[in-house]
Amino acid sequence: MSTSSRPGARRGIASDAATFVDAPSRGPIALLRQGISDLTTRLYLIRYLVSAELKRTHADTAAGTLWWILDPILQMGVYWVLVAVIFQRTTPDILLFLFVGILPWKWFATTLAETSTCITSRQGLIRQLQFPKLVLPAAATAAGTVSFAFGFVALALLYLLYPHRLSYWILALPVIAAVQFVFTLALGIMLAALNTFFRDVQNVLRHATRLWMYLSPVLYSLDQLEGQDTAKKVLGLNPMAWILSAYRNALYGAEKVNGHGIMPDWLPLFGVLGISVLLLGAAIILFKRAEPSFARILA
Amino acid sequence: MSGEATAHRAAIDVRGLGIRYNLNLTKRTTLKGSLGTFLRRKHDAPTHFWALHDVSFRVEQGESLGVIGPNGAGKSTLLLALAGILEPSEGRVQVGGRISTLLTLGAGFEPELTGRENIDLVGAFLGVPRKDMEELAPAIIEFAELGAFIDAPVKTYSLGMKSRLGFSIATAVQPDILLLDEVLGTGDQVFRVRSQQRIRELMKSARAIVLVTHDLTYIAEFCNRAILLEQGKIVFEGGPEETVAVYQERVLHQKLLAASDAQRFGGDAPKR
């Protein structure tokens, strides 16, 4: 084995004033580069963690893996009661309309909940093994993506009900999902680091994501907000609003065009992608900066 | 690292190591709690705790160092620092070679995965290349004596089976430096004998070992040097028998002190 000295060993005395982190004296670019290599060199570790995570979820239920498909369908049913039965909204092909909003939102919300606790819930591991912690939020996000993908079986079933809604724009799906993936990963990495210092984060998050859902076009679409210009402007600041609209365009089409999917708004979508990439960079730097303190805080 | 002026490199070189815990963050993990202590900081209890302070020692290749001391002396914290899990708050830790920790056996196991899959998983956590791990797997499985259980999920294992698997993984990765924390008493009598044999083999192949234990007989048996830690500081360093004797003397002394205190302040001495 080659000899090596850990980078941490070279660092000098940390100032007593530092309460948040005894920060390593490395610059943000070095941290970013290190974070990226943490992920690229440990892809196989991420894969093992994902498969463990997938085996754990629903492992003890009678329906087992069927829950991957049942879950979003049941959720769609619940919101159908709310929107169509109680509020009497008359949207054509409403089940599909709701489903294409609920499925990606569920991916977003559950992944954030999982990633925010991925460090704090593995106290034992972090106190006992030395490994790049960044793999944990990455694995949690990747596992969420797999369960999201299972939702497309349910989507295929819905297209049996509404075949006229299916169009070639469904091919845009991987692009839209990729944008959402980057955005979710960035937020998840940040939340994972922050929650280690303040467990309040996981409590606030539950309510924040619920509110965020109502402020996003999940159960309604942006066209339905006609005349409400202020609301539309506010929603324009919400990256998830653009992502969800893109899904709805590609998978459902417009409400008034009684036919099939239409082209997503590419420009704002790529804007969201740009912001997400910057956010991801910032998240990795924040995480790498906080990483050395994790083991100490989780004592 | 290369081109150091010293004639040879120590396996472990610790200089002026200090590990400080921030009590605000470890105890108050909610925002309100932190704000509370932040506001009250000036006239409050100390906010920091030095688990280790000004600790320096070297472990040469082939040496085996025992670490003893009372509970809370900083023994386990020292191992965490050597393993790179805790960053030094001051001073430095230099380690030459691949480290394997046996801090708590079975760390990193995923209960839903099989024993075989967990071997790969732990290897991935330790950064061992997959190909190397595949080559090591048969020997690990054989040493752990799990039989057909190796393909059953780890959640079905007994505690002894888990620690057997953990021990054989940690020792199979051919570490240059082995850190052990109270693990020699693992498993049944038969496995204990075999694990001690393996430790001896590792020691022979010129590896360095740091062993933390409360069982003082292990120190005499396995170590050629020992340090005594008290309240985060090294109070004695020497041969294993010598260090154990000093420790026992200090414990006895403290017991006598406590007993005489009890007599002086506690009123009646306990009567037989």
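## Reading a two-chain model

Mentor: Start with B:Glu112, which is buried at a relative accessible area of 16%. Buried means under 20%, exposed over 50%, and partly exposed in between (1.4 Å probe, protein chains only). The model is predicted: local features need pLDDT of at least 70, side-chain atom pairs 80 or more, while totals for chains, interfaces and linings use all residues. Residues are numbered from 1 along each chain as its sequence is written, chains are lettered from A and ligands numbered from 1 in the order written, and side-chain values use heavy atoms, without hydrogens or water.

Trainee: Which residue forms a salt bridge with B:Glu112?

Mentor: Side chains of opposite charge can pair when their charged atoms come close. The rule here is a Lys or Arg side-chain nitrogen within 4 Å of an Asp or Glu carboxyl oxygen. B:Lys155 is the partner, with the closest N and O atoms 3.2 Å apart. This pair links distant parts of the chain, 43 residues apart. B:Lys155 sits in the loop between α5 (130–144) and α6 (159–172) of chain B, and B:Glu112 in the loop between β5 (99–102) and α4 (115–126). Helices (H or I, at least four residues) and strands (E, at least two) are DSSP runs, numbered from the N terminus. B:Lys155 counts as partly exposed because its relative accessibility is 44%.

Trainee: How many salt bridges are there over all chains?

Mentor: The count is 17. Another joins B:Glu230 to B:Arg250, with the closest N and O atoms 2.9 Å apart. Here strand β8 (residues 225–230) is tied to helix α9 (residues 240–265) of chain B, across 20 residues. B:Glu230 is buried at 14%, whereas B:Arg250 is partly exposed at 32%. A network also links A:Glu53, A:Arg56, A:Arg122 and B:Glu110.

Trainee: What is the strand order in the open sheet of three strands in chain B?

Mentor: Strands of a sheet pair through backbone hydrogen bonds, either parallel or antiparallel. Pairing needs at least two DSSP bridges. The order is β2-β1-β4, with antiparallel pairing. β2 (48–59) and β4 (90–95) of chain B are the edge strands, each pairing on one side only. The twist averages 25° from one strand to the next. Eight bridges join β1 (residues 12–22) to β2(B). B:Asp13 stands opposite B:Arg58 in β2(B). Helix α3 (residues 75–82) of chain B packs on the sheet, touching β1, β2 and β4, and its direction makes about 115° with that of β1(B). Angles run from 0 to 180 degrees between N-to-C directions, on axes fitted to C-alpha atoms, for helices over the stretch in contact.

Trainee: With which residue does B:Asp13 form a salt bridge?

Mentor: With B:Arg15, at 2.8 Å between the closest N and O atoms. B:Asp13 is buried at 8%, while B:Arg15 is partly exposed at 40%.

Trainee: What does A:Ile126 touch, beyond residues up to four places away in sequence?

Mentor: Contact means heavy atoms within 4.5 Å. Its partners include A:Ile119, A:Phe131, A:Phe294, A:Leu298 and B:Ile85. A:Ile126 lies in helix α6 (residues 123–128) of chain A and is buried at 0%.

Trainee: Where is B:Asp54 found, and what is its phi?

Mentor: Most residues other than glycine have a negative phi. B:Asp54 is in strand β2 of chain B, and its phi is near 50°, a positive value. B:Asp54 is exposed at 53%. A:Gln88 has a positive phi near 55°. A:Gln88 is in the loop between α4 and α5 of chain A, exposed at 58%.
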